[in-house]
Amino acid sequence: MPSLKYYFKKARKEGFAIGQFNVSNLETLRAVILAAQNLKSPVIIGTSERESQFLGMRQAVSLVKTFRKETGLPIFLNLDHGRSFRYIKKAIDLGYDTCHFDGSKLKLRENIKITKKAVKYARKRDILIEGEVGFVSGSSTLFTKIPKLNKEDFTDPLKAKNFIRQTQVDRLAVNVGTLHGMSSSGRNPRVNLKLLKAIKKAVGNFLLVLHGGSGVSEKDIREAIKLGVVKVNVNTELRVAYSNTLRKVLRGNPKEMVPYKYMPKVIKAIEKVVERKIKLFKSNNKI
Ligand code: G3H
Ligand code: ZN
């Protein structure tokens with residue numbers, strides 16, 4: 001099966017993005033796989049440190065491998081927001097396909113130092129590393145008041161360019177006005193496309209990643225992909241579909257006790273969200 005590197009190259013060449021869908025349990029994972037299967041799309045399964053602790057890192061690796069073997073689909077596993085070299089090394093040693101080192105809260109020099117170390121370790125094992133310059137705030141849940149976006153958290157194009165040169169990282173997560181989490185109105189602030197354009201100008205054809213994909217307008221996502229984004233991360237919208245559907249189903253059937261009877265509706269709801277995103281990212285029929 002072609003590698004993740006192959007699919008990123010293809011995405012850049014053909015103008016689509018690969019969705020990273022975060023999971024912390026089997027039901028969500030199954031929903032993502034079903035959507036990818038229905039639409040013949042490559043997908044990246046993301047687990048943050050806490051999600052990987054809940055699901056189990058070994059379990060995440062085995063599940064993804066099993067689904068890959070069973071479906072023949074290009075499904076890849078990414079450690080999302082790994083905050084230390086130790087955690088990244090653990091993920092690589094256990095069989096993750098790619099890792100995101102999130103040094104966005106560190107001083108730039110320290111961020112560069114650890115990213116470089118991660119790249120060195122990963123490269124020998126043919127594993128891809130995502131770095132980050134700028135800081136995407138918030139956490140993947142619903143909020144009623146939109147958090148204030150700090151200008152100093154936005155990605156500086158020149159810093160991004162130097163970071164890439166110094167670390168030799170494989171792809172770069174940028175902050176261009178997205179947030180982790182979603183407004184309960186369903187609509188987050190607009191993406192700063194002007195800044196994204198400036199970053200693209202500074203880094204050329206380098207692979208860019210958009211975090212905080214939930215609640216972003218479809219128009220902004222389409223424009224961002226045109227400007228070089230080849231990976232979009234989505235978590236909150238899946239969590240909302242899961243939790244709200246589960247609450248609704250159990251409320252409607254208070255006597256139902258059998259998970260395999262009430263969970264299919266939850267899986268279906270997540271599957272629909274993922275299918276919508278895959279079509280928006282134009283990664284359908286790209287296998
Ligand atoms: O790393 C994960 C993503 O950035 C998820 O963001 O919860 O806003 O979709 P989201
Ligand atoms: Zn993120």
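A contact here means heavy atoms within 4.5 Å. In this predicted model, residues 24 or more positions apart account for 75% of the contacts in the protein chain with a separation of 6 or more. Residues are numbered from 1 along each chain as its sequence is written, and chains are lettered from A and ligands numbered from 1 in the order in which they are written. Local features need pLDDT of at least 70, side-chain atom pairs count only at pLDDT 80 or more, and totals for chains, interfaces and linings use all residues, while side-chain values use heavy atoms, with hydrogens and water left out.

The protein chain has 11 helices and 10 strands. These are DSSP runs numbered from the N terminus: H or I of at least four residues for helices, E of at least two for strands. Along its principal axes, the C-alpha trace spans about 60 × 40 × 35 Å. A compact globule of 287 residues would have a radius of gyration near 19 Å, and the 18 Å of the protein chain agrees with that. The radius is taken over C-alpha atoms, and the globule rule is 2.2 Å times the number of residues to the power 0.38.

How much of the protein chain is buried? Of the 287 residues, 57% count as buried. Buried means under 20% relative accessible area, exposed over 50%, and partly exposed in between, using a 1.4 Å probe and protein chains only.

Histidine 180 lies in strand S8 (residues 180-183) and histidine 211 in the loop between strand S9 (208-210) and helix H9 (218-226), so the pair ties together parts that are 31 residues apart in sequence. Histidine 180 is buried at 11% relative accessibility, and histidine 211 is buried at 1%.

Helix H9 also holds lysine 226, which is exposed at 63% relative accessibility. Threonine 245, by contrast, sits in helix H10 (residues 236-252) and is buried, with a relative accessible area of 17%. Not counting residues up to four places away in sequence, threonine 245 touches Val240, Lys265, Val266 and Ala269.
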